[in-house]
Amino acid sequence: MADVLSGASIHRWVDQFESPLNVLCEAPLEANVRALAAVATDHDLDLQIHFARKANKCLRWIDVAKRLGIAIDVASDVELCQTLERNIDPAKIICTAAVKPMPLLHRCVSNGVTIVVDNADELTAIQSVASCSARPAKIALRISGFQHRGQKLNSRFGVDIDEFNDVAASFSGLLATPWITLVGLHFHLDGSSIDQRVSAIQQILPLVDALDQHGRPLEFIDIGGGIPVRYLQCEDQWTQFQDEHERSLLGHRDAITFDRHGLGRIAGDGKVFGELNSYPMYQVPVSAGWFSQLLHHKLDQSDAAECSVASAIRDRGLQLRCEPGRSLLDGCGMTIARVEYCKKHSGGYALIGLSMNRTQCRTTDDEFLIDPILVSRASDRDTSDAMATDGFLVGAYCTESEFISRRRFRFPRGVKRGDLIVFPNTAGYQMHFMESRSHQFPLAKNVFVDEHDSPYPQLDPIDRC
């Protein structure tokens, strides 16, 4: 990212492909995959990594996954079609879609793709599809509702573990048919807590053992995604922002968000309540270090010697599966937008209009709390008389709420039409998760730069369709 921004071509690329533009690179993903795989090797553990396609829609990631020998996690029929069309072995595809219409189930079953089952209705539908196609369906049952430190980890996904025996009894008829093969257990947990995942694994293993005793041995357990990343190198930046934001909400300093927006927090009675509705920009451990700590973690064994998560999975002859998205795409891309205007608002701040809309760098969080980077149109422009500008980045949708960011930024050397605003490290979820083309605006183009070969950007195949 730094190399691209320091070059002379970035403005030309935006002129050619239009604004906003997503610029991506494969190399960081390859390094991230190898780092996770190395941790599993250190533990002598059979690991299958599934790249979560929902994290970024570019088709080139499928090709990279195939080259690296990892698998793919799909969350829709279109994602599955695209993955199959690029010749991924169906045995290396898992479908974790939250909602599974019949066409998706038909495609999964007919191609031998493992389906993560979320409820009884899905299982009944799968059995119907499989019996008509005369091909067994491979399924993994998603479990939820684990107990952790006296509290229940509720989720909208999966079968509650407290109801597992009843559900398993009701499923027994379907599972006994030749059309359904239960191959694994899966769970999805919000956030990235290691301790919560250890609790989930500890509570899933007895289910694995019980199924094995009843003649239904499993192939894998799947811990889903949530492997964390760190966006900031300095923890002080993260803590200072939270402290100053809190002071701003309490009125102890000038506002640093539009209308003192709480970003998930609210002030009352001289206190601030709630949590920031944002991904934690600084956290430890992350990525491979986080994964290593998870596998090293000791399980409570009342009737056996203490063992680690890795050894408990390995000793049962199970494969461990996961579906990272953000952590595999850490460092893989950035979003670049052109400044179309800068005007003074009657409120005393500037409005800096970007040629993009707020969905083109956003998830369901209130804010992406990484400072943007200003790239001037001409690196040698005279800034001797430039006036500092502070205000808000706004987008192209025709609503008063159309803020690219609710934070107030200060540009010491000013900002002008034709300059570029760069949002770094956006490949994981920020680029595509919420993107919309309301007002008939075109979606952002996605280009890849190969750091070893030609630096000229190549359109992703998804933009050539």
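Reader: Which residues form one aromatic cluster?

Author: F258, Y349, F392 and F403 do. The model is predicted: local features need pLDDT of at least 70, side-chain atom pairs 80 or more, while totals for chains, interfaces and linings use all residues. Numbering starts from 1 along each chain as its sequence is written, and side-chain values use heavy atoms, without hydrogens or water.

Reader: How is an aromatic pair described?

Author: By the distance of the ring centres and the angle of the planes. Rings of Phe, Tyr and Trp (its six-membered ring) pair with centres within 6.5 Å; planes under 30 degrees apart are stacked, over 60 edge-to-face, the rest tilted. This structure holds 13 such pairs. Take F146 and F187: 5.7 Å centre to centre, 75° between the planes, edge-to-face. F146 lies in strand β7 (residues 146-148) and F187 in strand β10 (residues 180-187). They are 41 residues apart, so the pair links distant parts of the chain. Strands are DSSP E runs of at least two residues, helices H or I runs of at least four, numbered from the N terminus.

Reader: Why is the pair of W238 and F241 stacked?

Author: Its planes meet at 15°, with the centres 6.5 Å apart. W238 and F241 both sit in helix α10 (residues 235-249). They are 3 residues apart, about one turn of the helix. W238 is buried at 9% relative accessible area. F241 is buried too, at 15%.

Reader: Which charge lies over the face of F241?

Author: That of R407, at 5.8 Å from the ring centre. The rule: NZ of Lys or CZ of Arg within 6 Å of the centre and within 35 degrees of the ring normal. Elsewhere, the charged end of R321 sits over the ring of F220, 3.9 Å from its centre.

Reader: How many disulfides does a search of the whole structure find?

Author: A disulfide is a covalent bond between the sulfur atoms of two cysteines. The cut-off is 2.5 Å between the sulfurs. The search finds 0.

Methods. Buried < 20%, exposed > 50% of the residue type's maximum accessible area, 1.4 Å probe, protein only.
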